[in-house]
Amino acid sequence: MTVVLILASLSTSLRNFRGPLIAELAEAGHKVHVAAPDLLQDQETCEWLQERGVECHDVPLSRAGLRPTADLGTLFALCRLMTKLRPDLFLGYTIKPVIWGLIAARITGVSRRVALITGLGYSFTGQARGKRAVVQKLARGLYAQALKGATLAFFQNPDDRDTFRQMGLLPEGTPVVVVNGSGVDTEIYAPVPLPQCPIRFLLIARLLGDKGIREYVCAARILRDAWPDAEFHLVGGLDPNPDGIASEEVQRWHDNRDIIWHGALSDVRPAIAAAQVYVLPSYREGMPRTVLEAMSMGRAIVTTDAPGCRETVRDGENGFLVPVQDARSLADAMRRFLEAPDLATTMGAAARRIAVEKYDVHKVNDAMIRAIGL
């Protein structure tokens, strides 16, 4: 039996993104501990984990921004937790769990220290000016220090791996494995017939500029006059990230009927089922989970020719790739579905096939478990 500690920056992600992996580890007889900020207050997630024999722990961890005093508090708390639990294996995902978790695991003598890089985000995208430049420099320096202690690093696309290597953040001798994202449960996200209605486009994302939300709104404005019956839906909640979009801006789009904003949803399947085409104009991703979910449900995809996004689309087969930050090209790709609605049917079927063949969560988890050696 291996004692495993998994650290997240958001409690709900332990079930929504890592649930199948955690369940497989527990079912294999390993002792699994999980930690996240305010996890014990998230009753639904805790109950789901505890039903599978997983122990839950709270840790003080701020998802957004670099706050030296608070972040040092996170490091000390993680050291205390690891000293108490004595895990054989640590796995952290997203930036702060990777950085502070790896450093704490190294300090406390955890023998296997695994990083899962799920995307580069604010610390690597956008123009490096002002506060963003400072955050980027600090984050990259901390990544470099933390990854010195990694015994294995997972990446979700080869571009991110290559970026880390080119920047000198990944030591030469560190074993690296590229996996197909977080995977998707193709049974839970089962195919659903396309709705018989005017074309509906859907974007699901945290309300961040780097998700390409403003480009999506601009594309909707371009198309709305010629196709007044077309609908452009947006699902997503506000985010404290420095790149977050203010609620006033989103509400203005909604009030002007540029898009239909639904806020955050605990279950996105009804929203995907109600649309024919899924759109994600992100500037960069690890591997966009929402795209995989939409593909699994049989939806055509429009996304950017950017790291993480480009891997999901075979251009012209299950969707279209467009340049990053190019609202006009995005509108042109979306227009093709308005001019030929049957494309959504054929491309949606292709998307489902690719999801099953390449992105099934059990295949992804098997690859990770084999790489870890469990």
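Reader: Two strands pair if DSSP finds at least two bridges between them. How many bridges link S1 and S4, then?

Author: Strand S1 (residues 3-7) and S4 share 4 bridges, in the parallel sense. Strands (E, at least two residues) and helices (H or I, at least four) are DSSP runs, numbered from the N terminus.

Reader: What sort of model is this?

Author: It is a predicted model, where local features need pLDDT of at least 70, side-chain atom pairs need 80 or more, and totals for chains, interfaces and linings use all residues. Residues are numbered from 1 along each chain as its sequence is written, and side-chain values use heavy atoms, without hydrogens or water.

Reader: Back to S4. Which residue stands opposite Leu91?

Author: Ile6.

Reader: And how is S4 joined to S5?

Author: S4 and strand S5 (residues 112-117) run parallel, joined by 5 bridges. Gly92 has Ala115 in S5 as its bridge partner.

Reader: Which way do the residues of S4 point?

Author: Leu89, Leu91 and Tyr93 point one way. Phe90 and Gly92 point the other way.

Reader: New topic. How many cavities of 30 Å³ or more are there?

Author: The count is 2. A cavity is a set of points on a 1 Å grid where a 1.4 Å probe fits but cannot get out. Its lining residues have an atom within 4 Å of a point. Volume is the space filled by probe spheres set on the points.

Reader: What volume does the largest have, and what lines it?

Author: The largest cavity has about 50 Å³. Val4, Leu21, Leu25, Leu89, Leu91, Ile369, Ile372 and Leu374 line it. Helix H2 (19-27), strand S4 (89-93) and helix H14 (361-372) each give two or more residues to that lining.

Reader: Let's move to the open sheet. What is the strand order?

Author: The 6 strands run S10-S9-S8-S11-S12-S13, with parallel pairing. The edge strands are S10 (260-261) and S13 (319-322), each pairing on one side only.

Reader: Where does Val302 sit relative to S13?

Author: Val302 is opposite Phe320 in S13. Strand S12 (residues 300-304) and S13 pair in the parallel sense over 4 bridges.

Methods: 1 Å grid on protein atoms, 1.4 Å probe; cavity = no way out; pocket = protein on both sides within 12 Å on 5 of 7 lines; lining within 4 Å. Buried < 20%, exposed > 50% of the residue type's maximum accessible area, 1.4 Å probe, protein only.
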